[in-house]
Structures are given as structure tokens and as C-alpha cells.
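Morning, everyone. I have one model to walk through today. Please look at the screen.

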Amino acid sequence: MTFICKKCKKAFRKDMSAYEESDEYCPHCDNHYVIDAKTPQAVLGVEGEDARVDNRMLKDERVQQTKNKSLFTLDSEDLTERIG
């Protein structure tokens with residue numbers, strides 16, 4: 001195969017049938033031209049519109065959050081007072 005070094009801009013040929021670790025360098029300037037491949041990582045994310053336009057997905061820390069009012073989250077004393 002024919003390669004061109006990005007550093008010295010010179011062309012050179014490498015025999016890919018007998019490729020060795022020493023062949024990863026340019027023969028003219030010894031620049032390491034073989035870059036290791038990066039494997040993609042799986043990531044779980046949330047996508048939304050621009051926060052400056054639609055900020056419903058953001059939590060405002062300044063606003064006091066209301067507790068969920070449910071019969072299942074009340075204590076037994078509070079439950080007897082409410083039911084009677």
C-alpha cells in the first residue's frame with residue numbers, strides 16, 4: 001500500500017503482507033502514523049430541546065418542591081386522623 005506522511009508530506013510504500021510493529025513509523029521522519037482505534041461506549045442519555053427555549057426538563061432549585069400527598073405515604077397516626 002502507498003501512504004503519505006502528514007508530518008513530512010512524503011509518500012512511501014509498505015508491504016501489508018509482512019506488516020510489523022516497526023512499520024508503523026514513517027521511514028523519512030520517524031513519525032508514528034498509525035493511530036489506535038477507539039471503541040464506542042454505550043451511553044444512556046436524555047435528549048431534549050434547547051433549555052433556553054423550553055426549560056420544563058430542568059429542575060429549579062430555588063422553588064420549594066411539594067411532597068407527594070398520598071394515603072400510602074402517610075403514617076398510621078396521620079391516617080387515623082384523616083379517615084376518622
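This is a predicted model: local features need pLDDT of at least 70, side-chain atom pairs count only at pLDDT 80 or more; totals for chains, interfaces and linings use all residues.

The chain has 84 residues, and 7% of them count as buried. Its secondary structure comes to one helix and two strands. Read from the N terminus, the order is β-β-α.

How about contacts along the chain? Take the contacts between residues at least 6 apart in sequence. Of those, 8% join residues at least 24 apart. The accessible surface is about 8,800 Å². Carbon and sulfur atoms account for 50% of that surface.

Now the aromatics. How many aromatic pairs does the structure hold? There are three. Let me take one of them, Phe 12 with Tyr 33. Their ring centres are 5.4 Å apart.

Where do the two residues sit? Phe 12 is in strand β2, residues 11-13. Tyr 33 is in the loop between β2 and α1, and α1 covers 76-83. The two residues are 21 apart in sequence, so the pair ties together separate parts of the chain.

Is Phe 12 buried or exposed? Its relative accessible area is 7%. The cut-off for buried is under 20%, so Phe 12 is buried. Phe 12 and Tyr 33 also belong to one aromatic cluster with Phe 3.

Next, Asp 23. This residue is found in the loop between β2 and α1. Its relative accessibility is 16%, so Asp 23 counts as buried too, under that 20% cut-off.

What does Asp 23 touch, leaving aside neighbours within four places in sequence? It is in contact with Lys 14, Ala 18 and Tyr 33. A polar atom of the Asp 23 side chain lies 3.0 Å from the backbone nitrogen of Glu 20.

Last, the surface. Which residues make the nonpolar patch of about 300 Å²? They are Met 1, Met 16 and Tyr 19. Met 1 lies in the segment before β1, which spans 2-4. With a relative accessible area of 58%, Met 1 is over the 50% cut-off, so it is exposed.

To recap: Phe 12 is buried, Asp 23 is buried, and Met 1 is exposed. That's it from me.

Technical notes:
Residues are numbered from 1 along each chain as its sequence is written. Side-chain values use heavy atoms; hydrogens and water are left out. Rings of Phe, Tyr and Trp (its six-membered ring) pair if their centres lie within 6.5 Å; planes under 30 degrees apart count as stacked, over 60 as edge-to-face and the rest as tilted. Helices (H or I, at least four residues) and strands (E, at least two) are DSSP runs, numbered from the N terminus. Buried means under 20% relative accessible area, exposed over 50%, partly exposed in between (1.4 Å probe, protein chains only). Contact means heavy atoms within 4.5 Å. Accessible areas come from the Shrake-Rupley method with a 1.4 Å probe; for residues, only the protein chains shown count as cover. A polar contact is a pair of N or O atoms within 3.5 Å; within protein, one must be able to donate a hydrogen and the other to accept it, and residues adjacent in sequence count only if both atoms are side-chain atoms. Patches are made of residues with over 30% relative accessible area and no salt bridge: like charges are joined within 9 Å, nonpolar side chains (Val, Leu, Ile, Met, Phe, Trp, Tyr) within 5 Å. A salt bridge is a side-chain nitrogen of Lys or Arg within 4 Å of a carboxyl oxygen of Asp or Glu.
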